[in-house]
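Reader: I have a model open on my screen and would like to go through it with you, piece by piece. Could we begin with the backbone and then move on to the packing?

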Amino acid sequence: MAGAQDLVTESDWRGTTFRELAASQLARLGQTTLDGIEVLGDNPVLGPNAALHIGLAIHELATNALLHGALADGRHGLIRLALDFPPIANRPLVLEWREHSGTSSLAEAPRFGTLVLERIVPLSMRGTMTYGVLPDLVTYRLEVPRDQVAN
């Protein structure tokens, strides 16, 4: 979360772009790990609150992938992180994480990260989410109101 806060602070609390935020959170995984992560979609400027909480979600999802999922134990899974910001007035910003891992130990027991992803992040932005963990697929979809976007 500190990395996201640094980006927001550097912009005088105006926010940061999605891709800059994603890059700052994913860089903590190490360069060889990044080869399996694809970042796609729109690149709006996220407001400060959205930047902090979406950054937290990306950090949590990436950490889970490294410890329990697609990137654990030297696996080379495929992760797709995408943002959709439709130009239609009342449509929400949508963040999607799809992790194809072959195996995941996330379903074994709820962790603090589950609370972060399911409650803290969406509630902090008045958004909604769906989170699914299967043995070979982890999905996270976060819908955020448009007023969380700076541009």
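Reader: Which residue just after α5 takes a positive phi?

Author: That is Arg-126, which comes just after α5 and has a phi of about 55°. Please keep in mind throughout that this is a predicted model. Most residues other than glycine have a negative phi, and Arg-126 is a residue other than glycine with a positive value.

Reader: And where does Arg-126 lie, and is it buried or exposed?

Author: Arg-126 lies in the loop between α5 and β6. With a relative accessible area of 53%, Arg-126 is exposed, because the cut-off for that class is over 50%.

Reader: Let me step back a bit. How many helices and strands does the protein have?

Author: There are 5 helices and 7 strands, and from the N terminus on the elements follow the order α-β-α-α-β-β-α-β-β-α-β-β. The protein has 151 residues, of which 47% count as buried. If you take the contacts between residues at least 6 apart in sequence, 65% of them join residues at least 24 apart.

Reader: Now the helices. At what angle do α4 and α5 pack?

Author: The angle between α4 and α5 is about 165°, and their axes are 10 Å apart. The two helices are therefore roughly antiparallel to each other, and α4 passes α5 in a left-handed crossing.

Reader: How does α2 pack with α4, in angle and distance?

Author: Helix α2, residues 18-26, packs with helix α4, residues 48-68, at an angle of about 40°, and their axes are 9 Å apart. The pair is therefore oblique, and α2 passes α4 in a right-handed crossing.

Reader: And which residues make that contact?

Author: On the α2 side they are Phe-18, Leu-21, Ala-22, Gln-25 and Leu-26, which meet Ala-51, Ile-54, Gly-55, Ile-58, His-59 and Ala-62 in α4. This contact of α2 with α4 has 8 nonpolar and 3 polar residues, with no charged ones.

Reader: Going inside, how many residues does the largest nonpolar core have?

Author: The largest nonpolar core has 35 residues, and Ile-54 and Tyr-140 are those with the most contacts inside it. At least two residues each are supplied by α2, α4, β4, β5, α5 and β7, and the largest share of this core, 9 residues, comes from α4.

Reader: What does Tyr-140 touch?

Author: If residues up to four places away in sequence are not counted, Tyr-140 touches Ala-57, Leu-61, Leu-95, Glu-96, Trp-97, Leu-117, Val-121, Pro-122, Met-129, Thr-130 and Tyr-131.

Reader: One last topic, the chain end. How far apart in space are Ala-150 and Ala-50?

Author: From C-alpha to C-alpha, Ala-150 and Ala-50 are 9.3 Å apart in space, although 100 residues separate them in sequence. Ala-150 lies in the segment after β7 and is partly exposed, with a relative accessible area of 46%.

Reader: And Asn-90, where is it found?

Author: Asn-90 is found in the loop between β4 and β5, and at 76% relative accessibility Asn-90 counts as exposed. Asn-90 and Arg-146 are 56 residues apart in sequence, and their C-alpha atoms are 7.2 Å apart in space.

Definitions and conventions:
Residues are numbered from 1 along each chain as its sequence is written. This is a predicted model: local features need pLDDT of at least 70, side-chain atom pairs count only at pLDDT 80 or more; totals for chains, interfaces and linings use all residues. Side-chain values use heavy atoms; hydrogens and water are left out. Axes are lines fitted to C-alpha atoms, for helices over the stretch in contact, and angles run from 0 to 180 degrees between N-to-C directions. Helices (H or I, at least four residues) and strands (E, at least two) are DSSP runs, numbered from the N terminus. Angles under 35 degrees count as roughly parallel, over 145 as roughly antiparallel, 65 to 115 as roughly perpendicular and the rest as oblique. A crossing is left-handed if the near helix is turned anticlockwise from the far one by less than a right angle, and right-handed if clockwise. Contact means heavy atoms within 4.5 Å. Ala, Val, Leu, Ile, Met, Phe, Trp, Tyr, Cys and Pro count as nonpolar, Asp, Glu, Lys and Arg as charged, and the others, Gly among them, as polar. A nonpolar core is a set of buried Ala, Val, Leu, Ile, Met, Phe, Trp, Tyr and Cys residues joined through side-chain atoms within 4.5 Å. Buried means under 20% relative accessible area, exposed over 50%, partly exposed in between (1.4 Å probe, protein chains only).
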